[in-house]
Structures are given as C-alpha cells and as structure tokens.
Amino acid sequence: MSQPVDIAIIGFGFMGATHASVYRLLPAARVVAIVDPRLEHTRAAIAARQWEIPVFPDYASAAANCKFSAVDICLPTDLHGDVARRAFADGRHVFCEKPIALTLDAAREMIAAAQGAQRQLMIGHCIRFWPEYAELKRLVDSGAQGRLLSLSMSRRTGRPGYTAGNWVNQPGRCLGAALDLHIHDTDFLSHLLGTPRAVVSQGIEDETGWSSITTQYHFGDLLVSAEAAWNYPPKWGFQMRFAAVFERAVLDFDSRNTPSLTLTVGDSSPAPVTVPQTPGALGGYYHELAYFVDCVRRDVPVTISTGEQATESLRVVLAEIESAQMKKPVHLNP
C-alpha cells in the first residue's frame with residue numbers, strides 16, 4: 001500500500017479546520033503542516049483539538065521544514081493565486097477553496113501554472129459531492145422519473161462574521177454573497193445541466209458587495225432559478241434547499257427539515273430518501289477531499305471540480321452580477 005499523501009493546509013479559519021478534520025478521517029492523507037500568520041491563535045486551536053501538527057507563519061517556512069506533496073488553500077479568495085502558483089512551481093498538487101479567483105484572468109493563470117507543472121488543481125465546489133445533490137444528479141441522469149421540468153434552488157444565512165479580518169465582507173476581496181455563497185448553486189447547475197444560454201438576475205448591493213441575488217437561467221424549455229442571500233439576521237441560521245420537478249415525481253431537499261430529502265411519486269405521499277452518510281456529518285467536504293487524495297495517490301487526473309470547470313462557474317456568476325448591475329439579460333456563449 002502506498003504512503004499517505006502529505007498535505008500542508010494554508011489558512012486555518014473555519015474551512016481550514018474543517019478540512020483538517022476530514023483529512024484526519026482519511027487513512028490515505030496526513031496533515032504535516034498548517035500555515036497561518038496568527039500563530040498563537042492557530043496553535044491554541046490545534047491544541048484544543050488535541051492534534052499535534054506544526055504551525056508556520058508562511059508557506060516558505062513550512063516548505064523549508066516539512067515535506068509535503070500537496071497543499072490545501074483555505075485563504076481569502078484574492079490570495080489564492082499567489083500561493084497556488086508558488087506550490088505548482090515547487091512541484092506540488094493544489095486543492096483550493098472556492099471560488100477559484102475573483103477574475104477570469106486570475107483563474108486562467110492558476111490553470112496555466114498547474115498545466116505547466118503537470119500537477120493537479122482541484123477547486124472546492126463541495127456541492128458537486130454533497131450526497132443530496134448527488135442524488136438529484138443521479139435522478140436526472142437516469143431518467144427514472146422522466147424528464148426534469150423545473151428546478152429551483154436557494155441558499156440563505158446570516159451575514160458571515162467568522163472570517164479572519166472580516167475579509168468576506170470586504171467587497172474588493174469577495175464580491176459578496178453572489179460570489180462566495182451563490183456560486184455553490186451556480187456551479188452545481190453547470191455540473192448538472194451545462195452552461196446556460198443566458199442569465200437574468202436581480203440583487204441587493206450594499207457596502208460589502210452583493211448580499212442577495214436571484215437568477216433565472218435559460219436552458220431552453222427547462223425552468224431553472226436560484227437565489228442566495230446572507231443578509232438574514234445573525235441568528236437566523238443556515239438553509240440550503242432545492243425542489244426538482246420531474247414528469248412523474250418531485251425531489252425536495254431542505255437542510256432544515258427532518259427528513260431533509262423526500263421523493264413524491266405520482267399520487268403517493270412524500271417518502272424519505274436515504275443517502276450515504278459521512279463520518280462526522282462532513283457531507284460534501286469529506287467526499288471532495290477523499291476524491292482529491294485518491295486522484296493524487298493514484299496519479300490520475302481530477303475530472304470533477306477542475307480548474308476549468310470552476311472558471312466556467314465563475315464566468316457565469318460574473319455574468320449574473322453584470323445582469324443585476326445592468327438590469328438586463330446577459331447571454332453566454334457556449
């Protein structure tokens with residue numbers, strides 16, 4: 001059996017800690033370094049979890065003191081590119097949190113660096129791996145309940161206040177809920193249906209960026225919409241949901257319900273749908289990182305949540321923002 005993939009996590013906020021928790025459940029992975037300039041805070045957080053992982057203030061010091069073949073970037077979006085390019089230059093594989101970048105040019109530079117180094121680049125669009133959404137894709141692909149007629153999706157929460165330096169509420173670093181939250185559903189729609197012909201969006205823009213956005217996607221006769229907002233009260237909580245109407249059934253998901261996923265077929269009552277559970281209830285985070293580690297170990301190309309796919313999802317979201325700004329449809333070339 002081959003050795004575990006040694007990984008350095010770059011950034012130890014909410015997502016970095018989540019990823020570390022996943023890797024500790026994967027026998028094929030081993031976290032050998034954590035990089036975060038908040039040394040005292042990070043060491044205390046690691047000690048509280050009873051982990052023994054060295055902490056370094058920057059990538060260079062981690063690379064000088066530890067051997068690792070992959071990095072997991074959990075930094076603010078505007079910092080993704082610099083660290084990824086450096087890792088590729090050093091011959092390392094990269095898993096990078098979503099969105100890939102703030103601009104298409106920055107995203108393409110990351111892809112070019114990965115290709116030049118002949119290393120893997122995977123972006124953390126975890127909804128592609130979330131069990132309930134995977135069930136939706138399975139049902140669409142199988143045609144078991146007939147053709148998909150309509151799909152509505154939503155993602156709602158209070159304004160995030162847990163990021164280092166509150167970067168997520170700085171418009172030049174995030175672009176608001178449109179890019180940081182809503183892109184989850186936009187990316188899944190690309191995974192499920194491809195690129196829409198056009199988007200029509202409306203949104204609410206405030207001093208932190210686009211705090212709410214609603215979009216209609218043009219996929220021919222198929223009715224598709226998605227909305228996201230993080231301007232809810234701080235203690236409102238979090239909800240992600242979808243309703244998929246097929247010719248013979250409806251598949252409903254609501255993260256705040258129990259059961260969360262139901263299928264209603266014909267004249268029958270809604271029935272719970274069982275999906276595979278993950279250790280620690282880590283959902284898509286577990287599945288995406290297990291997939292990345294497996295690809296690196298077996299030296300096979302990443303084909304889900306690639307840099308190219310993430311860039312296309314970024315292109316669609318930027319078109320949605322343009323539509324909301326200009327108050328008109330924006331067409332997307334295939």
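Where is Pro 99 found? Pro 99 sits in the loop between strand 5 and helix 5.

Some ground rules. This is a predicted model, so local features need pLDDT of at least 70 and side-chain atom pairs count only at pLDDT 80 or more, while totals for chains, interfaces and linings use all residues. Residues are numbered from 1 along each chain as its sequence is written, and side-chain values use heavy atoms, with hydrogens and water left out.

The whole chain, then. It has 11 helices and 15 strands. Those are DSSP runs, numbered from the N terminus: helices are H or I with at least four residues, strands are E with at least two. The C-alpha atoms fill a box of roughly 60 × 45 × 40 Å, taken along the principal axes. The radius of gyration is 20 Å, which agrees with the value near 20 Å for a compact globule of 334 residues. That radius is taken over C-alpha atoms, and the globule rule is 2.2 Å times the number of residues to the power 0.38.

Buried residues make up 54% of the 334. Buried means under 20% relative accessible area, exposed means over 50%, and partly exposed is in between, with a 1.4 Å probe and protein chains only. Now contacts, meaning heavy atoms within 4.5 Å. Of the contacts with a separation of 6 or more, 68% are between residues 24 or more positions apart.

Next, Gln 120. It lies in the loop between helix 5 (104-117) and strand 6 (121-124). Buried or exposed? Gln 120 counts as buried, because its relative accessibility is 10%. Its side chain reaches the backbone oxygen of Val 300 at 2.4 Å. A polar atom of that side chain also lies 3.1 Å from the backbone nitrogen of Val 302. For polar contacts, the rule is a pair of N or O atoms within 3.5 Å; within protein, one must be able to donate a hydrogen and the other to accept it, and residues adjacent in sequence count only if both atoms are side-chain atoms. Leaving aside neighbours within four places in sequence, the contacts of Gln 120 include Phe 88, His 93, Phe 292 and Pro 301.

Phe 88 takes us to helix 4, residues 80-89. Its buried residues are His 80, Gly 81, Val 83, Ala 84, Ala 87 and Phe 88. They pack against strand 1, helix 3, strand 4, strand 5, helix 5 and strand 6. Helix 4 is followed by Gly 91, with a positive phi near 80°.

Phe 292 takes us to helix 10, where it is one of the residues that meet helix 1. The axes of helix 1 (residues 14-23) and helix 10 (residues 283-298) come within 10 Å and cross at roughly 65°. Axes here are lines fitted to C-alpha atoms, for helices over the stretch in contact, and angles run from 0 to 180 degrees between N-to-C directions. From helix 1 come Met 15, Thr 18, His 19, Val 22 and Tyr 23. Across from them, helix 10 brings residues including Tyr 285, Glu 288 and Leu 289.

Ala 107 is in helix 5. It is buried, with a relative accessible area of 0%. Not counting residues up to four places away in sequence, Ala 107 touches Ile 100, Ala 101, Thr 311 and Leu 314. Gly 209 is in strand 9 (residues 209-219). It is buried too, at 5%. Gly 209 and Ala 178 are 31 residues apart in sequence and 8.2 Å apart in space, C-alpha to C-alpha.

Back to backbone geometry. The peptide bond from Thr 258 to Pro 259 is cis, with omega near 0°. Pro 259 is in the loop between strand 12 and strand 13.

Last, positive phi outside glycine. Ala 281 has phi near 55°. It lies in the loop between strand 14 and helix 10, and it is exposed at 70% relative accessible area. Lys 327 has phi near 60°. That residue is in the loop between helix 11 and strand 15, and it counts as exposed at 72%.
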